[in-house]
Amino acid sequence: TACAIMWISLEYTYWIVAILILPAAGLLVRLFVLQHDCGHGSLFPSRRANNLTGRLLSVLTFTPYDCWRKAHNLHHACSGHLDRRGVGGVDTLTVREYRALSSANKLAYRLYRNPFVMILFGAPYNSLIGQRFFANKGLPFNESYRSLPFKKVWKSVLSLNLALVLFYGTLGMLFGFKPLLVIVLPVVIIASWIGGWLFFIQHQFEEAYWEKNENWNFHDAAVLGSSHYVLPPLLQWFTGNIGLHHIHHLCAKIPNYRLQECLEGSPVLQEMNRLNLGESLECACLALWDEDRRKMIAFSDVG
């Protein structure tokens, strides 16, 4: 609806478009959370309904549903696991691993972990371009797909690519490609910034959980390694309660619209891993897991 209003208003003024772009991006983030819930099989009782809805929503989110679902579920299975990193998460090195790198690799990791590179450039790149291909070694944002069966991933990626061409190609031919770019591109880019930041802050905070194989525990990783992002009610609605990430990781079968109810029923979970907007911004510089101090630190903290 928001995009339709913007499309109609283009004939008269760009101000309405400018005003509605941010709410439209927020709605796209919410649609992605619904697609995310479909991937966990939690939005509907029927597996078929979840998968059908997830695939339909992928045309709007630009995210290949089937391979993203598999990679994301692997992320849940090994979140906070130092021996199983690199599946559906933000690449994170320990201090010892970072010190052992060559100068060139240190620079590459610093660039990768730079919040401006990762969020402002990397998130839109991944949404619009990176997810159109499969496990290109030069594309760090979809390397998690490497762990998935080649044929299934290609089927998911190519099917979505074809659907995108047909859907947006038809819209462009009917209404013009310039309005399509003016409206859709900014909305997708802003939504990717929001989603990229949410994905980062969900596990990259100072007291996050990381353990090696012999000490790793799924429930500890879920509760201790996932943040409780305390957002204003409107932002919490746009983001589909995904900020209650410690509850989501504890039980991914809980749909987004029940997460707040679960939080209110547990005083302990209400106080765990709380981050407000201001505190979350301070986490942007965190990039390394210090195994001695048992916390995430910035590059400037490395002696």
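This is a predicted model: local features need pLDDT of at least 70, side-chain atom pairs count only at pLDDT 80 or more; totals for chains, interfaces and linings use all residues.
**Group meeting: cavities, a pocket, and the packing around them**

Let me take the second largest cavity. Its volume comes out at about 230 Å³. There are 21 residues lining that cavity, and the ones closest to its centre are His75, Ser79, Gly80, Gly89 and Trp210.

Now over to the pockets. The second largest pocket has a volume of about 350 Å³. What lies nearest its centre? That would be Ile194, Trp197, Leu235, Thr239 and Leu277, out of 15 lining residues. Four helices each supply at least two residues of that lining: α2, residues 15-39; α9, residues 177-201; α11, residues 233-238; and α15, residues 277-281. And how does the lining split by class? For this pocket we have 13 nonpolar residues, two polar, and no charged ones.

The angle between α2 and α4, which covers residues 65-78, is about 70°, and their axes are 9 Å apart. Angles of 65 to 115 degrees count as roughly perpendicular, so that's the label for α2 and α4. On the α2 side of the contact you have Phe32, Gln35, His36, Cys38 and Gly39, and they meet Tyr65, Trp68, Arg69, His72 and Asn73 of α4. That contact is made up of four nonpolar residues, five polar and one charged.

Last stop, the strands. There's an open sheet of three strands with mixed pairing, in the order β1-β4-β5. At the edges sit β1, residues 93-94, and β5, residues 295-298, each pairing on one side only. In which sense do β4 and β5 pair, parallel or antiparallel? They go antiparallel, over four bridges, with β4 covering residues 286-290. If you want a pair to click on, leucine 288 has isoleucine 297 in β5 as its bridge partner. And then there's a helix to go with the sheet: α6, residues 103-113, lies across β1, β4 and β5, and runs at about 120° to β4.

Definitions and conventions. Residues are numbered from 1 along each chain as its sequence is written. Side-chain values use heavy atoms; hydrogens and water are left out. On a 1 Å grid over the protein atoms alone, a cavity is a set of points where a 1.4 Å probe fits but cannot get out, and a pocket is an open set with protein on both sides within 12 Å along at least five of seven lines; lining residues have an atom within 4 Å of a point. Grid points are joined across faces, edges and corners, and a volume is the space filled by probe spheres set on the points. Ala, Val, Leu, Ile, Met, Phe, Trp, Tyr, Cys and Pro count as nonpolar, Asp, Glu, Lys and Arg as charged, and the others, Gly among them, as polar. Axes are lines fitted to C-alpha atoms, for helices over the stretch in contact, and angles run from 0 to 180 degrees between N-to-C directions. Angles under 35 degrees count as roughly parallel, over 145 as roughly antiparallel, 65 to 115 as roughly perpendicular and the rest as oblique. Contact means heavy atoms within 4.5 Å. Two strands pair if DSSP finds at least two bridges between them.
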